[in-house]
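Please keep the viewer open while reading.

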Amino acid sequence: MHIPDHVLSQPVLVATGAIALGGFGYGLRRMERRLKERSMVLMGIMAAFVFAAQMVNFPLLVLPASGHLIGGVLAAVMLGPWAGAVVMGTVLIVQALMFADGGILALGANFLNLGLIASVGGYAIYEPIRRAIGGKPGVLIGAMVAAWFSVLLSSLSFAVQLAASGWWSELPKVLGWMALVHAVIGLGEAMITGLVLRSVLAVRPDLVFEEQEDVDRARGWARLVLGGLGASLAVAAFLAPLASPLDDGLEFVGGRLGFLTGEGSAMIDGPMADYTIRGMPDVAQATAAAGLIGTITVFAAGLVLGRTISPGRASRGPIDPDSPGAGAGGGPGAHAA
């Protein structure tokens, strides 16, 4: 559900860009105050996994369209709502600059929908459910419900943005189609989010974010990086080439209602537009290669961003990879935003 350039009006692009810039900046400030070693490691891993997973479109079966994971709730459950939003922003920037997946002009709108609404809004739905049910079932059920709503709310946000771009008369029709298609896509989002979290809870339940947690638990982070990055690379290399070729939900609705027919060229094509590589005629191989490059890029970007904004990093001293308090500086306090 990445909005291309030239779909939304300039006032809407400016407004959503301002909201996104403020939200991203606020997220960074929250992380700067509360970031710890555990979250720095997970930021790179989550960015890599979300990027790779978003390449794998799944068919909707009941409609001639496809969908893919957004990953906003998954990132928020693992990292906290604001760190999850920053991870989503990092992924969106790389996708727009390198792969022309989502327009540069629409980057603010995409971050508002897929970052702030999906992660921060999704977490606001997840947390009360998790607290009410409790334990691992609370995490799983809360995350799956929030994941479904995050897709629906993000799609409805786009419908409002499109209406404000001159489509007010078509708002009921756009809302209806976007809600119908993305309600189905949301089922896939919920299932994938649940499967990933079920695996995490089975082997490393300490990795799930807790609001009042006061211990930084980055134990075994070297193995965590290898395992998380390895899984993300495997998704990009082996599953992305098998992605459904059908239009995604936004493209399907846009083609049906006509709001994508006047789409102009992207402001920046990117060196690997549409996840292709010049000189590689085999589409599957090019997709896998582009996916691997992108996965490593967002992993590095997430890790560097986390380490750059971490306060007092230089004064923390060496990290014991298997110590529960590794790299935290030893003091109490909540971790990532």
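The model is predicted, so local features need pLDDT of at least 70, side-chain atom pairs count only at pLDDT 80 or more, and totals for chains, interfaces and linings use all residues. Residues are numbered from 1 along each chain as its sequence is written, and side-chain values use heavy atoms, with hydrogens and water left out.

**Pockets**

Rolling a probe the size of a water molecule over the atoms shows where empty space is left. The search runs on a 1 Å grid over the protein atoms alone; a pocket is an open set of points with protein on both sides within 12 Å along at least five of seven lines, a cavity is a set where a 1.4 Å probe fits but cannot get out, and lining residues have an atom within 4 Å of a point. Points are joined across faces, edges and corners, and a volume is the space filled by probe spheres set on them. Helices (DSSP H or I, at least four residues) are numbered from the N terminus.

| Space | Volume |
|---|---|
| Largest pocket | about 920 Å³ |
| Second largest pocket | about 350 Å³ |
| Largest cavity | about 60 Å³ |

The largest pocket has a volume of about 920 Å³. Of its 35 lining residues, Asp101, Asp248, Glu251, Asp274 and Tyr275 are the closest to its centre. Helices α4, α9 and α10 (283-309) each give two or more residues to this lining. α10 gives the most, with 3 residues. By class, the lining has 19 nonpolar, 8 polar and 8 charged residues. Here Ala, Val, Leu, Ile, Met, Phe, Trp, Tyr, Cys and Pro count as nonpolar, Asp, Glu, Lys and Arg as charged, and the others, Gly among them, as polar.

The second largest pocket is lined by 19 residues. Nearest its centre lie Ile45, Val196, Val200, Leu224 and Gly228. At least two lining residues come from each of α2 (37-54), α3 (72-79), α7 and α8 (221-239). α8 gives the most, with 6 residues. The classes are 13 nonpolar, 4 polar and 2 charged.

**Cavity**

The whole structure holds 1 cavity of 30 Å³ or more. The largest cavity is lined by Met1, His68, Ile70, Val151, His182, Ile185, Asp248, Gly249 and Leu250. Helices α7 (171-203) and α9 (249-257) give two or more residues each. This lining divides into 5 nonpolar, 3 polar and 1 charged.

**Helix contacts**

Axes are lines fitted to C-alpha atoms over the stretch in contact, and angles run from 0 to 180 degrees between N-to-C directions. α4 (residues 81-99) and α5 (residues 107-133) pack at about 155°, with axes 8 Å apart. They are therefore roughly antiparallel, a term for angles over 145 degrees; under 35 counts as roughly parallel, 65 to 115 as roughly perpendicular and the rest as oblique. Contact means heavy atoms within 4.5 Å. Contact residues include Trp82, Met88 and Leu92 of α4 and Phe111, Leu114 and Tyr123 of α5. The contact has 13 nonpolar, 5 polar and no charged residues.

α3 and α4 pack at about 135°, with axes 7 Å apart. That makes α3 oblique to α4. Gly72, Ala75, Ala76 and Leu79 in α3 meet Pro81, Ala83, Gly84, Val87 and Met88 in α4. This contact divides into 7 nonpolar, 2 polar and no charged residues.
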